[in-house]
Protein chains: 2
Amino acid sequence: MSSSVYVTGVGMTKFARMPDRSFEEMGREAVRAALKDANIERSAVQEVFCGSALTGRSMGQRVLRDFGMTGLPITNVENACASGSTAVREAATAIRAGRCDVALVLGIDQLSRLGGGTIPGVETDIDPNLGMVMPAVYAMRARRYMHEYGMTREDLAEVAVKAHAAGKHNPYAQFRNEVTVEDVLASRMIADPFTLMMCCPTGDGAAAAILMSPQAARVRGADKIRIVGSSLQSGIYKTGHRDMVHSELTKRTAKLAYEEAGIGPEDVDIAEMHDAFTIAELMYYEALGFCAGGDAVSLLRSGRTRITGDICVNPSGGLLCRGHPVGATGLAQICESVWQLRGDAGPRQVDKPRVALTHCTGGGVSGLDHGSCAVNILVT
Amino acid sequence: MSSSVYVTGVGMTKFARMPDRSFEEMGREAVRAALKDANIERSAVQEVFCGSALTGRSMGQRVLRDFGMTGLPITNVENACASGSTAVREAATAIRAGRCDVALVLGIDQLSRLGGGTIPGVETDIDPNLGMVMPAVYAMRARRYMHEYGMTREDLAEVAVKAHAAGKHNPYAQFRNEVTVEDVLASRMIADPFTLMMCCPTGDGAAAAILMSPQAARVRGADKIRIVGSSLQSGIYKTGHRDMVHSELTKRTAKLAYEEAGIGPEDVDIAEMHDAFTIAELMYYEALGFCAGGDAVSLLRSGRTRITGDICVNPSGGLLCRGHPVGATGLAQICESVWQLRGDAGPRQVDKPRVALTHCTGGGVSGLDHGSCAVNILVT
């Protein structure tokens, strides 16, 4: 797939606990913002792609009915934490195949009403039923990483401190407060070594993007930011020794996206990555190729992944601070990437980024590394 | 989208109430059958698309994990009754865009364990909460059709009789019995004018297809049956007078598929259509263009839609007799189309069909005609 797909508008709700709002209403707020940002009418949209893990049947149809956007082809996709990113990939492919020129991509979830942050799933999900819910899974990874590479609790806390230092400038973030290593360590214990602030919060929200073919973007003078790589992979089942601290899935998915984009990790200026727990960000530094295996703590300590650094990770505040309404996260990452690439990110603006990478992974299914991982690469 | 996509293998489970089986196991049975039919190894599959309305998160990942098909890009899609057909369309588009050459498409649902045949949905689903569940919706359409066009209860029963006359020969059908108009009318009343046998049953099952690019199909000598049209649309919200007996949604969706295929309704030899209730088949005769508005009963009485007729409708037995495990139905329709186009349908074989149309519609969302409608056209 060589031809590019342009992202010409983005928009999102604030992420927060909003049990008193309907998810449909949140979805419409995000869609309205994305249409306005793209400066197009509702009638310009030709196809709709929706990602959600929890909202249930016919999500897109529900959201758009009361918005007057009926009659369109609507495709609802689900891939757990990668639902939104998967929707982006399907939309980009539909445009590349010539099926449409202007697509709306929407991600929504509402954990405050529809379910929590663990993976409940079906009766046959043996691992979570035995207690291996997500905080436990990542806690074991963190323990192993401490054992292997001498990482400390303070390092784990520092990831959250960094997330808040950027996210406090993000008007859409669930949290806007600065925190210290002491604050993080003093927060309630969740799954040793994770305290509360080392885990992403339960929250709600929606985010959207308008994707266009080169022709459609050009005619609107909106051919600025392109998706040049978009990959999706699922986990591999392994018996025998399991490497807990190196994510084979993220590494494999990123490799495909880099190849498609014709770039390498050294070209990435900003990365919105799946820091569901603080250890996740460190693991994914390595899996995305930003440093060698075991060097994540050094990279963190170097300050290079802060908003002032040359590989800024999670300028939005990431899942830890901006929040993680599952299906909305992939689109929120696209929003942040576009704002950063445009130079519109205000006080959290990174210095002239050219290449942004988004990364979502999740949906653990018993015995798999993870269910789904999706990586998108955007350039200006 | 001009280049064709080939269907080179199909397979399905028997449709039945199977509360003692897992949906994952049913899915694997269908996948195994489709791979065998396509005469390919599991390793030949490059992408997977799964349609389901009820199985919840990461369905494809769950099914394939224990089948050794891990590590692939898996995209789970949901569009209520059109979930399976939507998955077919996404797979076909991915192939056309050059994203892959060999895709597995899978549809599964298990109503006996995961939910019933009504549309429960969310709190804001006003219509079903007021009693407008699917049997009631279609019963009102039937009543109106009787009023407008003089259709009788016997005509409604005749659709079920025709479905069983074909489906009794289908080894995968939920029912294999012949029924008479008297049997149908004597069965338990569900929603006047529908008796039990005028409603599709609650059931479980899975169906799968292997789709290939022209190159991949040609190298295997499997370039026989092509998808030449694939459309998806959603309902339009209308205030004021609502036409209950003519499906604007199906008409609009079919028009797009016919245009893409470059054919008209007069070219269709067999149609697998969404006869969730007997009135549905009659309404969709008209919406798919097989007869003019109000002429459906005449068409039924003419015998032209039987397996011996020139526009055979539902040789598989349709939803009424073969069954309707929601997400599996779109793929079961592809299975039947392929068997018929190949001449492999045994005692229910239609005389040398060249063009097959599949039609799924459903997912009513308050005030919409229907949530989703998908039409695929296959030719040999």
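## Buried area between the chains

Buried area is the accessible area, found with a 1.4 Å probe, that two parts lose on being put together, summed over both. In this predicted model, chain A and chain B bury about 4,300 Å² between them, with 48% of it on carbon and sulfur atoms. A:Arg57, A:Arg65 and A:Arg99 supply 17% of the area that chain A buries against chain B, more than any other three residues.

## How the two copies are related

## Who touches whom

On the chain A side, 55 residues are in contact with 56 residues of chain B. Let's look at the polar side of this meeting. There are 28 residue pairs in polar contact between the chains, counting pairs with both residues at pLDDT 80 or more. The residues of chain A that touch chain B divide into 21 nonpolar, 21 polar and 13 charged.

Salt bridges between chain A and chain B number 4. One of them joins A:Glu90 to B:Arg99, where the closest N and O atoms are 2.8 Å apart. Among the elements of chain A that give two or more residues to this side are helix H1 (23-38), helix H3 (83-96) and strand E3 (74-78).

Strand E3 of chain A is joined by 3 bridges to strand E3 (residues 74-78) of chain B, and the two run antiparallel. Within this pairing, A:Val77 has B:Val77 as its bridge partner.

Terms used
Residues numbered from 1 in each chain as written. Chains lettered and ligands numbered in written order. Predicted model: local features only at pLDDT ≥ 70, side-chain atom pairs only at ≥ 80, totals over all residues. Heavy atoms only, no water. Contact = heavy atoms within 4.5 Å. Salt bridge = Lys/Arg side-chain N within 4 Å of Asp/Glu carboxyl O. Polar contact = N/O pair within 3.5 Å; in protein donor to acceptor, adjacent residues only side chain to side chain. Helix = DSSP H or I, 4+ residues; strand = E, 2+ residues; numbered from the N terminus. Nonpolar A, V, L, I, M, F, W, Y, C, P; charged D, E, K, R; others polar. Pairing = 2+ DSSP bridges.
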